[in-house]
Amino acid sequence: MGQATLQIVKISGHAGPVPGAGVERAEQVCKLVDTTTCIGCKACEVACLEWNGYTFSETVFDNSYQTMPETAWNYWNLIKFNEHEREDGSVTLLMRKDQCMHCAEPGCLAACPADGAIVQYSNGIVDFQQANCIGCGYCVSGCPFNIPKFNSGTKKMFKCTLCSDRVGEGLEPACIKSCPTGCLHFGTKDDMKDLAETRAKQLRENFGLEKAGVYDPPGVGGTGVIYVLHDVTNPEAYGGLPKDPHIPWVVRFWKGPAKWIGNLGMLFGVVGVTMHYLRFGPKQVDGQKDGDGGQP
Amino acid sequence: MSTSQVISSTRAGHKDGGRILRYTLHERVHHWLAALTYIYCLITGLAFWSPYMFWLAELVGGGPTARFWHPWFGVGFTISMLWMYKMWRGDMQTTAADLAWKKAIAHYIRNEDEYLPPIGRFNYGQKLFFWLMLYGVILLVLSGFGLWFVESIPWSMRWVRYLAVTVHVASAMATIGAFIIHVYMGTAMVRGGFTSIIRGEVSTAWARTHHRLWYEQVTRQNSAEK
């Protein structure tokens with residue numbers, strides 16, 4: 001992988017400075033998913049498996065077109081199918097390609113205790129490094145999108161890499177390449193935002209979808225995957241896309257103030273007992289002035 | 001301390017010459033099972049706690065190995081603590097003597113032991129430590145299962161994941177505080193304590209000084225036996 005393309009700006013569980021911290025690149029990469037033109041063909045699911053070398057998993061039939069209830073360690077890209085009743089009573093099928101959102105402020109990376117198991121490249125891709133992963137599952141608690149999944153065989157966590165290997169070589173992600181309707185786009189964050197806003201405007205003005213808009217949640221600093229939704233005020237309807245995702249406050253407290261409170265507490269304990277010994281010393285046993293009273 | 005009239009060398013309290021059996025082999029084994037499993041969990045737990053202590057995982061074979069064994073040692077610690085509960089439950093009940101001792105605890109801290117009321121086999125501080133570790137391990141093991149099988153907690157119940165993290169961290173910190181004091185007192189502050197939990201015996205002078213009521217009880221039982 002090209003060093004310049006995949007320079008690391010954030011490292012999980014890392015003591016001390018990060019070599020690439022503060023590096024700014026003009027090109028933050030971004031996937032744009034236009035849910036209004038998705039036909040639910042699942043070509044992206046197949047392309048993802050093919051590129052990443054996984055065989056097709058057993059499907060779970062749940063009275064829906066959906067392949068399985070949620071993404072799996074070896075199934076990173078899943079179209080979520082949701083029946084949705086419009087205000088006029090008619091029913092529509094909402095389809096959303098679910099995968100890692102590649103947050104600018106990744107909750108998985110914040111929660112991870114293993115040095116270098118999760119990194120964020122300067123192009124915005126959040127990538128798991130399985131060689132450094134200890135399989136603790138903290139990222140599961142840190143993620144606001146329910147994405148990291150555990151492989152119980154290898155005891156490692158997996159998720160969508162945004163095809164960092166392809167992107168590093170100047171290619172678009174496999175899912176993008178496979179999309180037959182052009183509902184998937186890949187490019188710089190600025191370009192994708194621009195394209196998404198243009199499409200949302202078109203939907204609002206020409207298709208009567210007054211609530212159409214772009215999903216790029218600010219709670220996680222924006223994401224490397226953005227959606228055009230028919231109704232941006234109700235993202236939950238698209239298979240539980242959170243309205244205002246953010247790193248859980250428990251995780252932020254745990255990895256922030258709690259760390260310092262705990263560390264100071266432990267330091268206080270060790271210093272405290274040492275000071276006690278220096279001030280008061282050991283207890284004396286009656287009749288034995290030497291202080292090692294109990295030695296049999 | 002059992003009030004049974006039968007005193008044998010396998011029972012705490014047996015008095016032989018200038019020495020008294022304070023901890024039976026059975027008690028010592030369980031203390032050290034708990035100690036070693038706790039210390040393993042402590043080292044690996046601290047490694048997961050802070051990036052600045054992640055190197056501790058290297059001491060026990062690296063991050064993945066530490067992560068694999070941490071919960072199993074935790075289960076081992078839980079079992080040894082429950083066994084300890086079965087073993088010491090009676091000894092660890094607070095008595096009237098403990099309450100009097102507790103009022104004078106400042107003298108104990110300042111090593112002014114001459115002002116302390118006499119106490120039985122365990123003092124109030126030891127009992128407090130026992131109950132803190134027992135309730136601590138119950139919270140640790142319950143929240144630990146939440147962290148161990150985090151994916152088994154459905155997404156809709158994810159508050160349980162967050163609760164598990166909070167409880168695990170808070171109860172671990174409480175036990176670490178108690179553990180620091182316990183190790184300090186058992187090794188540096190109360191000389192003879194460390195030997196007693198290894199070899200089981202203390203001198204009569206030690207017993208008279210630190211646990212006078214227990215000493216008197218043992219002496220009484222011993223003379224009754226003769």
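## Helix crossing in chain B

In this predicted model, helix α1 of chain B passes α3(B) in a left-handed crossing. The α1(B) helix spans residues 25–49 and α3(B) spans residues 63–88; their axes come within 8 Å and cross at roughly 150°. Because angles over 145 degrees count as roughly antiparallel, α1(B) is roughly antiparallel to α3(B).

## Residues at the helix contact

The side contributed by α1(B) includes B:E27, B:H30, B:L33, B:Y38, B:C41 and B:A47. Among the residues of α3(B) that they meet as a group are B:A66, B:H70, B:F73, B:G76, B:W83 and B:M87.

Sorted by class, the contact of α1(B) with α3(B) holds 13 nonpolar residues, eight polar residues and one charged residue.

## Sheet in chain A

Chain A contains an open sheet of three strands, arranged in the order β1-β5-β6 with antiparallel pairing. At the edges lie β1(A), residues 8–11, and β6(A), residues 126–128, each of which pairs on one side only. From one strand to the next, the twist averages 30°.

## Pairing of β1 with β5

Strand β5 of chain A covers residues 118–121 and pairs with β1(A) in the antiparallel sense over three bridges. Within this pairing, A:I8 has A:Y121 in β5(A) as its bridge partner. In general, strands of a sheet pair through backbone hydrogen bonds, in either a parallel or an antiparallel manner.

Technical notes: Residues numbered from 1 in each chain as written. Chains lettered and ligands numbered in written order. Predicted model: local features only at pLDDT ≥ 70, side-chain atom pairs only at ≥ 80, totals over all residues. Pairing = 2+ DSSP bridges. Helix = DSSP H or I, 4+ residues; strand = E, 2+ residues; numbered from the N terminus. Axes fitted to C-alpha atoms, helices over the stretch in contact; angles between N-to-C directions. Parallel < 35°, antiparallel > 145°, perpendicular 65-115°, else oblique. Left-handed = near helix turned anticlockwise from the far one by under 90°. Contact = placed C-beta atoms within 7 Å. Nonpolar A, V, L, I, M, F, W, Y, C, P; charged D, E, K, R; others polar.
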